[in-house]
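Good morning, and thank you for coming.

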Amino acid sequence: MIKRIKDVFFLNTKNTSYILGITKTGHLEHLHYGRRVEPSENTATLFTRTRFALGNTISYDKENAAVNLEMMPLEMSGYGKGDIREPFIVVSHEDGCRTSDFIFNAAEILDEKSEMRSLPASYGKDVKELRITLLDRSYGDTLTLIYDVFEAEDVITKRAEYKNNKEKEVRLLRLMSSMVDFTESGYDFITFGGAWAREMNESHEIVTNGRSVISSMTGTSSNRANPFTMVARPGTTEEYGDCYGMNLIYSGNHYSCLEASTMGFSRFVTGVNPEGFSFKISEGEAFESPEAVMTYSEAGFRRLSKNMHDFVRRHIVRGEWKDALRPVLLNSWEAAYFDINEAKLLKLAKASKEVGIELFVMDDGWFKGRNDDTTSLGDWEYDRKKLPNGVKGLSEKIHDLGLQFGIWVEPEMINEKSDLYKKHPEWVLRHPENHHSEGRNQMILDLTRKDVREYIVQSMSKLFSSANINYVKWDMNRIVSDAYSSELGYDRQGEVYHRYVMGLYEVVKTLTEKYPRILFEGCASGGCRFDLGMLCYMSQIWASDNTDAISRATIQTGYSYGYPQSVMGCHVSACPNHQTLRNAPLETRFAVAAYGVLGYELNICELKKEELEAVKDQIVFYKLHRELFQYGDFYRIEKGERTAFSNNAFKWMVANEDGGIGMYLQGLAIPHNPFGSFKAVGLEPGKVYNFRNRRLKYNIKEFGDLINTVAPIHIKRDGVLHNLAAKVVKMDNEKEEALLPG
Ligand code: DGJ
């Protein structure tokens with residue numbers, strides 16, 4: 001609901017309110033974001049009151065000497081008028097002046113969400129929209145702030161559009177998407193950073209003075225700094241405390257900052273990273289910022305995550321796969337890497353079918369000359385030696401086995417060793433004469449160019465139409481360096497990063513709309529582009545190249561704050577694990593991967609009989625509860641904190657109206673464990689549930705030479721007798737069974 005009373009706008013969701021008002025000088029003051037407040041006529045008391053400008057702060061003008069922009073919570077802050085905190089916008093005018101003073105001009109309340117032209121956005125019925133247009137006092141350019149209210153999910157989105165109304169061109173140096181001022185400092189800024197194969201590590205910083213920033217300059221949203229962040233009162237837990245979840249529907253360089261000013265305020269801003277950014281805007285042209293997503297919970301992180309999960313599922317993911325159960329897949333990458341061919345793949349596929357896999361995915365290595373990562377990106381023709389019957393022939397054989405067929409591509413890239421590079425060296429994103437750098441031996445195609453975008457759409461369309469393809473993994477394996485487009489002039493190079501992202505969106509929008517049945521999974525060296533922008537086109541994203549179950553428990557816990565399980569690709573892989581060399585039981589690997597979109601990524605043909613039986617059983621179990629695993633409410637109960645006196649356990653749960661499934665995962669093993677418990681969450685208190693654990697068979701070899709503590713004769717570890725005993729004797733796990741009230 002959006003309501004205007006006098007000069008105050010009330011944006012109410014089920015449990016929250018966002019309130020802003022127009023001050024007597026025409027500035028927008030931020031009045032409240034938090035618990036729901038019912039709109040009241042008594043609006044005057046909501047505004048800040050000052051009697052005089054304090055200390056060496058700036059008075060707005062002689063008539064309004066007490067108005068001091070540094071001492072107010074603002075809804076939008078310009079540049080150069082006395083508010084010296086993080087600005088929302090910086091424009092450089094034709095005369096070099098950067099000062100701006102945006103004053104209220106008009107407001108409009110709409111019954112539907114207006115569309116964005118250049119970027120992906122959330123969508124939905126019953127969305128109410130507030131548009132407030134501000135006019136710069138000196139230059140006449142306009143800034144429109146756009147708010148969309150998603151009542152049921154307690155989400156408000158915010159974005160901005162800048163328009164140049166003058167004859168002279170300007171340079172936009174910064175335009176944020178959202179800004180939220182708080183009237184206290186000392187908030188906990190919670191961010192999620194990492195690197196390749198160790199994404200989404202939770203980090204806390206209590207900001208009492210100065211700025212805490214998380215941003216990316218990789219050209220992607222990045223594994224270094226996910227755009228999802230939280231601002232919370234220190235001490236907020238899963239169940240208690242005020243907290244705000246913030247995200248950005250954007251896949252490029254982004255910036256989020258929490259600033260505590262010495263006047264006792266905090267300011268949060270998020271948007272496109274202003275570092276190196278400069279956008280030329282001519283008369284009549286406009287620039288739109290990405291949409292920022294905000295939620296507030298007065299009941300800790302659990303509610304915050306639930307709001308974000310519901311929002312992502314209902315208002316970000318779209319198309320035929322939106323609410324669909326995702327298939328269990330087998331991916332060839334960790335099974336064979338580049339060393340693939342039709343016979344090998346078919347062998348893997350047959351074995352996959354036997355254990356209940358539904359979708360077979362041929363990963364990297366299938367196209368002309370692609371035997372390692374030095375060659376062939378850009379040439380999307382199949383390798384005749386590896387695939388004598390082509391992609392079509394292979395896909396038919398896979399379908400004949402009763403499996404769906406999927407393929408890997410990395411369309412934004414080019415290798416120097418490729419036909420495409422010989423033909424179009426000018427298509428590469430770099431300065432044509434200067435020294436350039438590469439990542440994974442590859443360069444990036446210049447997606448700011450129309451001809452490049454057309455080539456990608458045309459080559460991918462040819463591939464996707466060439467066979468019965470049910471799934472596409474869209475990869476992107478390097479970050480941006482040498483950002484320079486030879487087609488854009490010298491004065492537009494500050495636009496390259498953003499234009500790349502807009503170009504990418506145009507390409508993926510065209511292809512995903514053209515092939516609506518294909519399930520697209522995003523990927524960028526794992527989670528280097530795990531964001532809401534990509535999720536507007538691709539229904540799931542490969543969460544990390546790290547498939548180690550213990551590492552994954554941390555990574556998936558990190559993602560779970562802002563993203564639901566239905567968008568997270570999670571695979572069971574071989575042991576010792578290829579990234580960490582750690583051994584984890586097959587059941588542990590399954591348990592962690594099951595709390596997402598389950599897949600397997602290992603040479604299934606080489607599994608032992610008992611392992612195959614276990615995998616078969618896991619897949620039956622997952623399919624039986626797939627709805628719950630993928631779409632149930634997800635709860636973090638414990639997240640593997642390592643202290644001397646804790647169990648180092650990860651505890652998760654998914655629940656819906658029928659029941660729930662919990663995971664209790666021992667992280668680092670310790671002897672003589674402190675007392676452990678599992679407190680179920682998400683169940684109905686009055687209902688009686690049948691509580692039971694999964695029934696498993698253990699291989700006695702997992703206990704090493706401890707077998708000698710029970711064997712009547714000495715058994716040599718790994719010897720003939722040990723192997724024989726392991727074949728004949730299987731150990732049951734402990735059984736838990738009880739009728740318990742929720
Ligand atoms: C990086 C991805 O994250 C992997 O899963 C795999 O697809 C490789 N690229 C293939 O080159």
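D148 and R159 are both buried. Please keep in mind that this is a predicted model. The side chains of D148 and R159 form a salt bridge, with N and O 3.8 Å apart. D148 belongs to strand β8 (residues 142-150) and R159 to strand β9 (residues 155-163), so this pair ties together parts that are eleven residues apart in sequence.

Over the whole structure, a search finds 60 salt bridges.

Let us turn to a pair within a helix. K306 and D310 are both in helix α1 (residues 300-316), four residues apart, or about one turn of the helix. Their side chains meet in a salt bridge of 2.8 Å from N to O. Which of the words buried, exposed or partly exposed applies to D310? D310 has a relative accessible area of 12%, which is under 20%, and therefore counts as buried. K306, in contrast, is partly exposed, at 31%.

A further example joins two strands. E638 makes a salt bridge with K651, and their closest N and O atoms are 3.0 Å apart. Because E638 lies in strand β31 (residues 633-639) and K651 in strand β32 (residues 649-656), the pair ties together parts that are 13 residues apart in sequence. E638 is partly exposed at 31% relative accessibility, while K651 is buried at 3%. Salt bridges may also share partners: K113, E129, R131, D148, R159 and E291 are joined into one network in this way.

I now come to the ligand. How many residues surround the ligand? There are 13, and the closest are D363, D364, K473, D475 and D545. By class, this shell consists of four nonpolar, three polar and six charged residues. A polar side-chain atom of D363 is 2.7 Å from an oxygen atom of the ligand, and for D364 the corresponding distance is 2.6 Å. In the side chain of K473, an N or O atom lies 2.7 Å from a ligand oxygen atom. On its own, the ligand has 290 Å² of accessible area, and the protein covers 98% of that.

Finally, let us consider the surface. I713, L721, L724, V728 and V729 make a nonpolar surface patch of about 470 Å². One of these residues, L724, is located in helix α13 (residues 720-728). L724 counts as exposed because its relative accessibility is 51%, and the cut-off for that word is over 50%.

Methods: Residues are numbered from 1 along each chain as its sequence is written. This is a predicted model: local features need pLDDT of at least 70, side-chain atom pairs count only at pLDDT 80 or more; totals for chains, interfaces and linings use all residues. Side-chain values use heavy atoms; hydrogens and water are left out. Patches are made of residues with over 30% relative accessible area and no salt bridge: like charges are joined within 9 Å, nonpolar side chains (Val, Leu, Ile, Met, Phe, Trp, Tyr) within 5 Å. Accessible areas come from the Shrake-Rupley method with a 1.4 Å probe; for residues, only the protein chains shown count as cover. A salt bridge is a side-chain nitrogen of Lys or Arg within 4 Å of a carboxyl oxygen of Asp or Glu. Buried means under 20% relative accessible area, exposed over 50%, partly exposed in between (1.4 Å probe, protein chains only). A residue is near a molecule or strand if one of its heavy atoms lies within 4 Å of it. A polar contact is a pair of N or O atoms within 3.5 Å; within protein, one must be able to donate a hydrogen and the other to accept it, and residues adjacent in sequence count only if both atoms are side-chain atoms. Ala, Val, Leu, Ile, Met, Phe, Trp, Tyr, Cys and Pro count as nonpolar, Asp, Glu, Lys and Arg as charged, and the others, Gly among them, as polar.
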